[in-house]
Amino acid sequence: MVNLIDLSKWKKQKEIIVELHRDYGINVSSREWRLQVEKHNKKFANGEANYYITHSNSKGYKATTDYREALEAKNDYLKRAKNMIEKARDCDYGFRHLGNPKLDLGEGETK
C-alpha cells in the first residue's frame, strides 16, 4: 500500500488516505496507515526497501534517503519515548505513595 502513493514531496496523512480511497478503492484508517509505514520502515532497516518514510507533525509524510529529513521522525519518536517513560514513572511514583498519609501543614491535620 505504501508503494502506491507518491511520497517524493511532503504529503499530509489525510491526503494520503483520500488518494488511496479515490485512486485504488482502498479504505484505510489513520492507524492502519501508520502501521503500514512502520512495516515499510522496518524493511528499510533490514535493507529490503530503498527509502525511509519520514514524518513531520506539520508537513506530513515523505519518502527519503536523506538522513537529515529522517531526523524529524527520529526526534519525534525520541520525544514520545521520553514522555512514555515519564508517564510510567508517574504511575510507579503514585503507587509507591498510595498508602502514605499526607500532613497538611497549613491546617495541621492528617489526610
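Student: Which side chain does the side chain of E32 make a polar contact with?
Tutor: The partner is the side chain of Q36, at 2.7 Å. Keep in mind that this is a predicted model.

Student: Where is E32 found?
Tutor: E32 belongs to helix α2.

Student: And is E32 buried, exposed or partly exposed?
Tutor: Partly exposed, because its relative accessible area is 28% and that class runs between 20% and 50%.

Student: Q36 again. How far is its C-alpha atom from that of H21?
Tutor: The two C-alpha atoms are separated by 15 Å, and the residues are 15 apart along the chain.

Student: Which helix is H21 in, and what does it touch?
Tutor: H21 sits in helix α1. Leaving aside neighbours within four places in sequence, H21 is in contact with I26 and N27. H21 is partly exposed, with a relative accessible area of 45%.

Student: Back to α2. What about N41?
Tutor: N41 is in helix α2 too, and N41 is buried, at a relative accessible area of 9%.

Student: What does the side chain of N41 reach?
Tutor: The backbone nitrogen of I53, at 2.8 Å. If residues up to four places away in sequence are not counted, N41 touches Y52 and I53.

Student: K42 comes next. Buried or exposed?
Tutor: Exposed, because K42 has 54% relative accessibility and the cut-off for exposed is over 50%. K42 lies in helix α2.

Student: New topic. How many aromatic pairs are there in the whole structure?
Tutor: A search finds two. One of them is W33 with Y61: the ring centres are 5.8 Å apart and the planes are at 85°, so this pair is edge-to-face.

Student: Why give both a distance and an angle?
Tutor: A pair of aromatic rings is described by the distance of the centres and the angle of the planes.

Student: Which parts does the W33 and Y61 pair tie together?
Tutor: W33 lies in helix α2 and Y61 in strand β2, so the pair links parts that are 28 residues apart in sequence.

Student: Are those two buried or exposed?
Tutor: W33 counts as buried, at 0% relative accessibility. Y61 counts as buried as well, at 9%.

Student: Which residues make up the largest nonpolar core?
Tutor: There are twelve residues in all, including W33, Y61, L20, I53 and V28. The elements that give two or more residues to this core are α1, α2 and β2. Helix α1 gives the most, with three residues.

Student: Why would nonpolar residues end up together?
Tutor: In soluble globular proteins, nonpolar side chains tend to be buried together.

Student: Now T54. Where is it?
Tutor: T54 has its place in strand β1, which covers residues 52-56. T54 counts as buried, because its relative accessibility is 0%.

Student: What lies 3.1 Å from a polar atom of the T54 side chain?
Tutor: The backbone oxygen of E69. With residues up to four places away in sequence left out, T54 touches several residues, among them W10, Y61, E69 and A73.

Student: Zoom out. How many helices and strands does the protein chain have?
Tutor: Three helices and four strands. Along the sequence, the pattern is α-α-β-β-α-β-β. The radius of gyration is 22 Å, well over the 13 Å that the globule rule gives for 111 residues, so the chain is more spread out than a compact globule.

Student: What does the C-alpha trace span along its principal axes?
Tutor: About 70 × 30 × 25 Å.

Student: And how much of the chain is buried?
Tutor: Of the 111 residues, 26% count as buried. The chain exposes about 8,500 Å², and carbon and sulfur atoms supply 52% of that area.

Conventions: Residues numbered from 1 in each chain as written. Predicted model: local features only at pLDDT ≥ 70, side-chain atom pairs only at ≥ 80, totals over all residues. Heavy atoms only, no water. Buried < 20%, exposed > 50% of the residue type's maximum accessible area, 1.4 Å probe, protein only. Polar contact = N/O pair within 3.5 Å; in protein donor to acceptor, adjacent residues only side chain to side chain. Contact = heavy atoms within 4.5 Å. Core = buried A, V, L, I, M, F, W, Y, C linked by side-chain atoms within 4.5 Å. Rg over C-alpha atoms; globule rule 2.2 N^0.38 Å. Areas by Shrake-Rupley, 256 points an atom, 1.4 Å probe, with all protein chains shown as cover. Phe/Tyr/Trp six-rings, centres within 6.5 Å; stacked < 30°, edge-to-face > 60°.
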